[in-house]
Amino acid sequence: MTALKVFVLVGTIDSHDGQFATVELNLNPATNAGPALAVMPVAAFPCKIKEGDTFYVVKLSELEDAVVICHKEQADESR
(Lines give C-alpha, C1' and ligand atoms only; values in the text may rest on other atoms or scores of the structure.)
Protein backbone atom coordinates (compact mmCIF):
# COMPACT_ATOMS: atom_id res chain seq x y z
CA MET A 1 0.00 0.00 0.00
CA THR A 2 1.37 3.42 -0.94
CA ALA A 3 0.44 6.72 0.67
CA LEU A 4 -1.03 9.54 -1.36
CA LYS A 5 1.69 11.78 -2.70
CA VAL A 6 -0.51 14.72 -3.70
CA PHE A 7 -4.02 15.51 -2.40
CA VAL A 8 -6.56 18.17 -1.48
CA LEU A 9 -9.02 17.51 1.34
CA VAL A 10 -11.98 19.81 1.98
CA GLY A 11 -12.74 20.16 5.68
CA THR A 12 -15.53 21.58 7.82
CA ILE A 13 -15.26 22.51 11.51
CA ASP A 14 -17.87 20.58 13.51
CA SER A 15 -16.90 21.89 16.95
CA HIS A 16 -13.88 23.21 18.83
CA ASP A 17 -12.58 24.28 22.20
CA GLY A 18 -9.35 26.03 23.15
CA GLN A 19 -7.17 23.05 22.23
CA PHE A 20 -8.82 20.80 19.65
CA ALA A 21 -11.28 20.94 16.75
CA THR A 22 -13.50 18.08 15.60
CA VAL A 23 -13.63 18.21 11.80
CA GLU A 24 -15.10 16.42 8.80
CA LEU A 25 -12.73 15.78 5.89
CA ASN A 26 -13.88 15.02 2.35
CA LEU A 27 -11.84 14.01 -0.67
CA ASN A 28 -11.77 16.42 -3.58
CA PRO A 29 -13.39 15.42 -5.87
CA ALA A 30 -15.99 13.98 -3.50
CA THR A 31 -16.58 10.24 -3.37
CA ASN A 32 -19.47 8.09 -2.20
CA ALA A 33 -17.51 7.06 0.90
CA GLY A 34 -18.70 10.07 2.92
CA PRO A 35 -16.63 12.27 5.20
CA ALA A 36 -13.91 11.11 7.58
CA LEU A 37 -14.01 12.49 11.12
CA ALA A 38 -10.83 13.74 12.75
CA VAL A 39 -9.63 15.69 15.77
CA MET A 40 -7.04 18.35 14.94
CA PRO A 41 -5.18 20.78 17.20
CA VAL A 42 -6.52 24.32 16.93
CA ALA A 43 -2.89 25.46 16.55
CA ALA A 44 -2.80 23.70 13.13
CA PHE A 45 -5.13 26.36 11.70
CA PRO A 46 -3.49 29.60 10.47
CA CYS A 47 -6.72 31.54 11.18
CA LYS A 48 -9.45 31.88 13.78
CA ILE A 49 -12.01 29.12 13.41
CA LYS A 50 -15.69 28.74 14.19
CA GLU A 51 -18.25 26.00 13.71
CA GLY A 52 -19.15 25.55 10.05
CA ASP A 53 -15.94 27.10 8.67
CA THR A 54 -14.39 25.49 5.59
CA PHE A 55 -10.69 24.77 5.26
CA TYR A 56 -8.40 22.75 3.01
CA VAL A 57 -5.62 20.29 3.75
CA VAL A 58 -3.26 20.42 0.77
CA LYS A 59 -0.22 18.34 -0.13
CA LEU A 60 1.27 19.36 -3.45
CA SER A 61 4.49 17.36 -3.45
CA GLU A 62 5.65 14.11 -1.92
CA LEU A 63 8.65 16.03 -0.55
CA GLU A 64 6.55 18.57 1.37
CA ASP A 65 4.28 18.26 4.40
CA ALA A 66 0.56 18.84 4.09
CA VAL A 67 -0.60 22.35 5.02
CA VAL A 68 -3.92 23.71 6.28
CA ILE A 69 -5.37 26.62 4.30
CA CYS A 70 -8.36 28.58 5.58
CA HIS A 71 -11.21 29.37 3.19
CA LYS A 72 -11.76 33.10 2.77
CA GLU A 73 -15.24 34.40 2.05
CA GLN A 74 -15.33 36.78 -0.89
CA ALA A 75 -16.36 40.30 0.01
CA ASP A 76 -19.63 41.57 -1.37
CA GLU A 77 -18.47 43.21 -4.62
CA SER A 78 -21.86 44.70 -5.48
CA ARG A 79 -21.30 47.74 -3.27
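Is Ala30 buried or exposed? In this predicted model, Ala30 is exposed, because its relative accessible area is 67%, above the 50% that marks the exposed class. The residue belongs to the loop between β2 and β3, and its C-alpha atom lies 9.2 Å from that of Leu9, although the two residues are 21 positions apart in sequence.

**Overall architecture**

The secondary structure of the protein consists of five strands and zero helices, so that reading along the sequence gives the pattern β-β-β-β-β. Of the 79 residues in the protein, 20% are buried, and the accessible surface comes to about 6,200 Å², with carbon and sulfur atoms contributing 55% of that area.

**The nonpolar core**

The largest nonpolar core is made of eleven residues, namely Leu9, Ile13, Ala21, Val23, Leu25, Met40, Phe45, Ile49, Phe55, Val57 and Val68. Strands β1 (7–16), β2 (20–27) and β4 (54–59) each supply at least two residues of this core, and β2 gives the most, with three residues. One member of the core, Met40, is in contact with Gln19, Phe20, Ala21, Val23, Phe45, Phe55 and Val68 when its neighbours within four places in sequence are left aside.

| Residue | Relative accessibility | Class |
|---|---|---|
| Ser15 | 33% | partly exposed |
| Ala30 | 67% | exposed |
| Pro35 | 43% | partly exposed |
| Val39 | 57% | exposed |

Ser15 lies in strand β1 and, not counting residues up to four places away in sequence, touches Phe20, Ala21 and Thr22. Ser15 counts as partly exposed because its relative accessibility of 33% falls between the limits of 20% and 50%. Its C-alpha atom is 9.4 Å from that of Ile49, a residue 34 positions apart from Ser15 in sequence.

Val39 is found in strand β3, which spans residues 36–41, and, with neighbours within four places in sequence set aside, Val39 is in contact with Phe20, Ala21 and Thr22. Val39 counts as exposed because its relative accessibility is 57%. The C-alpha atoms of Val39 and Glu24 are 8.9 Å apart in space, while the two residues are separated by 15 positions in sequence.

Pro35, like Ala30, is placed in the loop between β2 and β3. Its contacts beyond four places in sequence include Glu24, Leu25 and Asn26, and the C-alpha atoms of Pro35 and Gly11, which are 24 residues apart along the chain, are separated by 8.8 Å. With a relative accessibility of 43%, Pro35 counts as partly exposed.

**The largest pocket**

Rolling a probe the size of a water molecule over the atoms shows where empty space is left. The largest pocket has a volume of about 150 Å³ and is lined by 13 residues, among which Lys48, Asp53, Thr54, Cys70 and His71 lie nearest its centre. By residue type, the lining of the largest pocket divides into six nonpolar, three polar and four charged residues.

Definitions and conventions
Residues numbered from 1 in each chain as written. Predicted model: local features only at pLDDT ≥ 70, side-chain atom pairs only at ≥ 80, totals over all residues. Heavy atoms only, no water. Helix = DSSP H or I, 4+ residues; strand = E, 2+ residues; numbered from the N terminus. Buried < 20%, exposed > 50% of the residue type's maximum accessible area, 1.4 Å probe, protein only. Areas by Shrake-Rupley, 256 points an atom, 1.4 Å probe, with all protein chains shown as cover. Core = buried A, V, L, I, M, F, W, Y, C linked by side-chain atoms within 4.5 Å. Contact = heavy atoms within 4.5 Å. 1 Å grid on protein atoms, 1.4 Å probe; cavity = no way out; pocket = protein on both sides within 12 Å on 5 of 7 lines; lining within 4 Å. Points joined across faces, edges and corners; volume = space filled by probe spheres on them. Nonpolar A, V, L, I, M, F, W, Y, C, P; charged D, E, K, R; others polar.
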